[in-house]
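User: I would like to go through the labels used for this structure and see what each one rests on. Please set the values against the cut-offs.

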Amino acid sequence: MAAVKETVDQVLSIDVDKYKYGFVSDIESDLAPKGLNEDIVRFISAKKDEPEWLTEWRLEALRRWQTMEEPTWARVDYPPIDFQDLHYYAAPKKTTGPKSLDEVDPALLDTYKKLGIPLKEQEILAGVEKGERPVAVDAVFDSVSVVTTFKAELAKHGVIFCPISEAVRTHPELVRKYLGSVVPITDNFYATLNSAVFSDGSFVYVPKGVRCPMELSTYFRINEKKTGQFERTLIIADEGAYVSYLEGCTAPSRDENQLHAAVVELIALDDAEIKYSTVQNWYPGDSEGKGGVFNFVTKRGDCRGKNAKISWTQVETGSAITWKYPSCILRGDNSRGEFYSIAISNGRQQVDSGTKMIHLGKNTSSKIISKGISAGRSSNTYRGLVSVGRKASGARNFTNCDSLLIGNKCGAHTVPYIESKNASAIVEHEATTSKISDDQLFYCLQRGLPQEEAIALIVNGFVKDVLQQLPMEFMVETQKLIGISLEGSVG
Amino acid sequence: MLEIKNLHARIGDREILKGLTLTVNPGEVHAIMGPNGAGKSTLSYILAGKEDYEVTEGEVLLNGESILDLEPNERSVAGLFLAFQYPIEIPGVATMTFLKAALNAHRKAKGQDELTTPEFMKLVKGVSEKLNITSEMLRRPVNVGFSGGEKKRAEIMQMALLQPSICILDETDSGLDIDALKVVAEGVNALRSPDRAFVVITHYQRLLDHIVPDIVHVLSDGRIVRTGGPELALDLEKNGYAAYVADAAA
Ligand SMILES: Nc1ncnc2c1ncn2[C@@H]1O[C@H](COP(=O)(O)OP(=O)(O)OP(=O)(O)O)[C@@H](O)[C@H]1O
Ligand SMILES: [Mg+2]
């Protein structure tokens, strides 16, 4: 992605304290008053012109949330979050909703340009002539989607790609049918919070038998201070459909922590396939652990039909705290779930991430490849669950979790849970923990590579299996992002 | 070109090099022979800048400049190359990728632009073919699953690609079959030039039949105890080290 490329070109010499995307855009915002109560929820719902059923849905979530407690089981440590000291809605003032590009505030377009995300279709198409594949983008700035590209082109194929706030109005039947059907409003503290106050995010529907003609992507940006970002993404691949979706994230460097609690729901019907890739590069905080994004995310895919396939690929390099377990419910017979993850922690970052593979249907299979890299004083935990239900005869899972340590002040942990209620299931688990060896480093240095380049090269080798899962353009840029994330990791 | 003066070095409490002196001039090929554990590999590691060793006395000059304070990568771009006795595996990193990274690091240090992919491929093809290294091997991760002989050939390929001015070969002949030995020797001989020098560490005359040295040294117990012409190697082959080791002890 261009954002990453630009980072590489300009930021090669900086350390973890100098996050590239740390600039703040001076854009006037429409803010909800601080705090969370029924009035705020109604305010958000009214701002978005929502139908009554959705307002009620949000309120139900809020009431539920008020009875819940923050989970504490993850291996992350952070000061208490004052949920009443946050703004739950922030929108750039001049943009009341997604419009055509001509109407979008030039300051906003400028922000995305700085991030390297082209929003002008002409610019993207110019890239296509140079051999880049077109990617349709939904750009979400704080609580609202500012623009979505290639909508018309996609519509020709019957693909719906728009902000979820718009889908609520234009395709209420689809939203109502699927929203909360994978992650119910009662699911967990953060998901329930999201259900009450979710701001914006993308909606994708790929109709029966359609192979989505281009990559879809959403680019999330937190700008306003003291805000939470609560995006909600819903992707439905109808029978026999295929879609590949990319998600990218950044936020300004601020001394206070920013809260991000997203929910992503994927639904794959019979013979459908969804490939979901994330490159998460939220501000990680400085090397002393000041500031940074708290990222509490619930991502879940439901292989609702037979032969359905969902694969999650994630590259997690940012955030002060990452709490994230993209999961698959393998409901349809012969359905498949995959999770490929690269999680890099440096400085004082804390990562607790992994996946859940819930086998319910017959002959379902899942594959988990997780590569954790810890450097600096960070902590990196893989937490995974493989569960095989009573009816899931012939279920198979293969899990491989490798951790790589750089230096001796960081920590890596692997917490795998396996529950099997069906004797025919085959569950395999492999795990390794290693350090970059001095011999490997010396060998690379002897050939002329500077230390940081040598580390990046060795780490890229370590994560190769996962890198190969990323779309081609993304793969090359991610390799460089890995180098940048590890700067200042030794010495 | 390379001047080693009264070099003392230790690892932990153990002194391994005990006053080693050696001068290598441009265009020369020096052979270093000596019993197991004499300190030959240690010398090569210290020249290349491996961290574990502490230099307690003496100096090492490359083209008149001290290199002991340079990082290993700085020594590399200054023209020092070490072909390892035991080449290291780097899983997941294609040999081709590694070669490109190394070559670009050298070019960058010299203020040159990176090569384009076709230019790079052409260069690699040139050096790999001479050493019977297939493109399949170049796609495999660095040294992973390479046979002993393949690893040694790959080291010489890297050397040919980086065009160093001082080449240190640590037992490059061990593990090579007869044909591979010839291929490697030809690879080395092709690189011989008036402004490049070699230090060849070996136990066997058979390598020196192919790479004919100008000067032969015996290293024993951390010191050069004897220096002579190519005939010294033949003598060692016949009579062993006993005489020289005794000399050193005396
Ligand atoms: N890391 C280490 N810790 C302790 N002793 C070491 C270490 N590395 C090398 N040595 C010792 O230093 C001495 C010299 O070793 P070195 O590898 O240089 O010998 P060599 O001359 O290359 O032998 P060979 O012909 O077997 O390759 C040996 O006695 C060895 O055991
Ligand atoms: Mg040795």
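Analyst: In this predicted model, β2 (14-24) and α1 of chain B each supply at least two residues of the shell around ligand 1. The largest share, three residues, comes from α1(B).

User: How many residues surround ligand 1, and which are the closest?

Analyst: The shell has 15 residues, and the closest are R14(B), K40(B), S41(B), T42(B) and H203(B). By class, five are nonpolar, seven polar and three charged.

User: Which residues coordinate the magnesium ion (ligand 2)?

Analyst: S41(B) through OG and Q85(B) through OE1, at 2.0 to 2.3 Å. The cut-off for this metal is 2.8 Å, so both atoms count as donors. S41(B) lies in helix α1 (residues 40-48) of chain B and Q85(B) in the loop between β6 (80-83) and β7 (90-94), so the pair ties together parts 44 residues apart in sequence.

User: Why is Q85(B) called buried?

Analyst: Buried means under 20% relative accessible area. Q85(B) has 13%, so the label applies.

User: Why is the pair F83(A) and F189(A) called edge-to-face?

Analyst: Ring centres must lie within 6.5 Å, and planes over 60 degrees apart count as edge-to-face. For F83(A) and F189(A) the centres are 5.4 Å apart and the planes are at 70°, so the pair is edge-to-face. F83(A) sits in the loop between α3 (52-66) and β2 (90-92) of chain A, and F189(A) in helix α9 (residues 189-197), 106 residues away. Both are buried.

User: What makes F442(A) and Y45(B) a pair that joins two chains?

Analyst: F442(A) lies in helix α10 (residues 438-446) of chain A and Y45(B) in helix α1 of chain B, so the contact joins two chains. Their ring centres are 6.0 Å apart and their planes at 75°, so this pair is edge-to-face.

User: How do you know whether F442(A) is buried or exposed, and Y45(B) likewise?

Analyst: The cut-off for buried is under 20%. F442(A) is at 6% relative accessibility, so it counts as buried; Y45(B), at 16%, counts as buried too.

Definitions and conventions. Residues are numbered from 1 along each chain as its sequence is written. Chains are lettered from A and ligands numbered from 1 in the order in which they are written. This is a predicted model: local features need pLDDT of at least 70, side-chain atom pairs count only at pLDDT 80 or more; totals for chains, interfaces and linings use all residues. Side-chain values use heavy atoms; hydrogens and water are left out. Donors are N, O and S atoms within 2.8 Å of the metal (3.2 Å for Na, K and Ca); water is not among the atoms, so sites may look incomplete. Helices (H or I, at least four residues) and strands (E, at least two) are DSSP runs, numbered from the N terminus. Buried means under 20% relative accessible area, exposed over 50%, partly exposed in between (1.4 Å probe, protein chains only). A residue is near a molecule or strand if one of its heavy atoms lies within 4 Å of it. Ala, Val, Leu, Ile, Met, Phe, Trp, Tyr, Cys and Pro count as nonpolar, Asp, Glu, Lys and Arg as charged, and the others, Gly among them, as polar. Rings of Phe, Tyr and Trp (its six-membered ring) pair if their centres lie within 6.5 Å; planes under 30 degrees apart count as stacked, over 60 as edge-to-face and the rest as tilted.
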